[in-house]
Amino acid sequence: MASRGFLSCGLLGTFLLISFSLPSFTSSDSSLEVSFAIRSRRVLNTTPGNIVQQYLVPHNLLRAKLGIPALQWSEQLANYANWWANQRKGDCALIHSDTNYGENIFWGSGSNWKPRDAVAAWAAEKQYYNYPKNSCLPNRDCLHYTQIIWRQSLRVGCAKVTCKSGDTFISCNYDPHGLHLSQSPQQGQSSIPYDTQWMPDSGATNHMTFDPSLLDQLAEYPGSDQVVIGNGKGLQITHIGNSSLCTSNTKLKLDDVLVVPGITRNLLSVARLTKDNHCSLEFFPWGYVNKDLRTRTQILKGLIRGNLYPIAAHKSDHVVAYFGTKAPTMIIPLTVICLPAQLHQLCNYSFHLP
């Protein structure tokens, strides 16, 4: 991965995905798994409960939103992930183990990456998953996301190491594995439309989302408050965090965003948006215009759709580079999105089963 040091970006960060085909595996008795099995009989680590929750919570928030049963923690998988992460400690390379488990791996520049950062990076790929067609968008990878929401995957175990370079390597293993897109990740459920847009709401006191992967600095909500909707029903608030709306020349901050799994749209508080960013948001029969109040310059503009004024959650530009190598061919899309101001890479293990 020598190219990583040469990546740069004018926005907050860069996101490098490596997508490639791997051989099929029909049994779990590879030499690496045998080596791990021998080692595991000698020592079995127990992951601290607070670390377990740092992996389980973001995974299961995504699954709960789709009505998919929660993943359970597996110390066997965690020990396997820890064993493999330590194999990569010397080079921090995005290389997969030979395993019949599902496997998502992550590399981050520096040592400050948290488990939720890896899960959020994998989950961010859902914008590239086409629900109706059950496929990834062309030249895009979505298999980290589909592994997370794979209904038949019941157990997960993860581990993190700091490499000799000072960078972070995180590995998560899933059992049973997923990722074979001849089937739906939700295994027979009707497709659930995916919506990453924000809907301006003049009646909302806070920004709200059902999708925690849109947020940075995610934390559990410190209270028992609820969001009261029109029929008087109270909806649970599970987490709170910050997000942003990126444009080509500025960033609108979205502070204190509430995670409310019971809603089906991301709600943008007009009051919080205009106050926190000292801007205006004007609505017209054809659409909306957002302007900076100091300079009166336009920040955002969009069209009305279905009597709503949707605002995109991300503004992304991408460059796709193709590198000719020995088979398999590597396809590396470089995408600029709003992420922490560090470089990270991730990779997933794709099974192609008969």
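Residues are numbered from 1 along each chain as its sequence is written, and side-chain values use heavy atoms, with hydrogens and water left out. Because the model is predicted, local features need pLDDT of at least 70 and side-chain atom pairs count only at pLDDT 80 or more, whereas totals for chains, interfaces and linings use all residues.

Strands are DSSP runs of E of at least two residues, numbered from the N terminus; two strands pair if DSSP finds at least two bridges between them. Strands of a sheet pair through backbone hydrogen bonds, either parallel or antiparallel.

| Strand | Partner | Sense | Bridges |
|---|---|---|---|
| β2 (residues 72-73) | β6 (residues 155-162) | parallel | two bridges |
| β6 | β7 (residues 168-175) | antiparallel | eight bridges |
| β17 (residues 287-292) | β18 | antiparallel | five bridges |

Within β6, Arg155 is the bridge partner of Gln72, and Arg155 also has a bridge partner in β7, namely Asp175. Five residues separate β6 from β7 in a hairpin. In its turn, Gly166 has a positive phi of about 90°.

An open sheet is built from three strands in the order β16-β17-β18, with antiparallel pairing. Its edges are β16 (279-283) and β18 (298-303), each of which pairs on one side only. From one strand to the next, the twist averages 10°, where axes are lines fitted to C-alpha atoms and angles run from 0 to 180 degrees between N-to-C directions. Across the pairing of β17 with β18, Asn290 stands opposite Leu300 in β18.

Notes: Helices (H or I, at least four residues) and strands (E, at least two) are DSSP runs, numbered from the N terminus.
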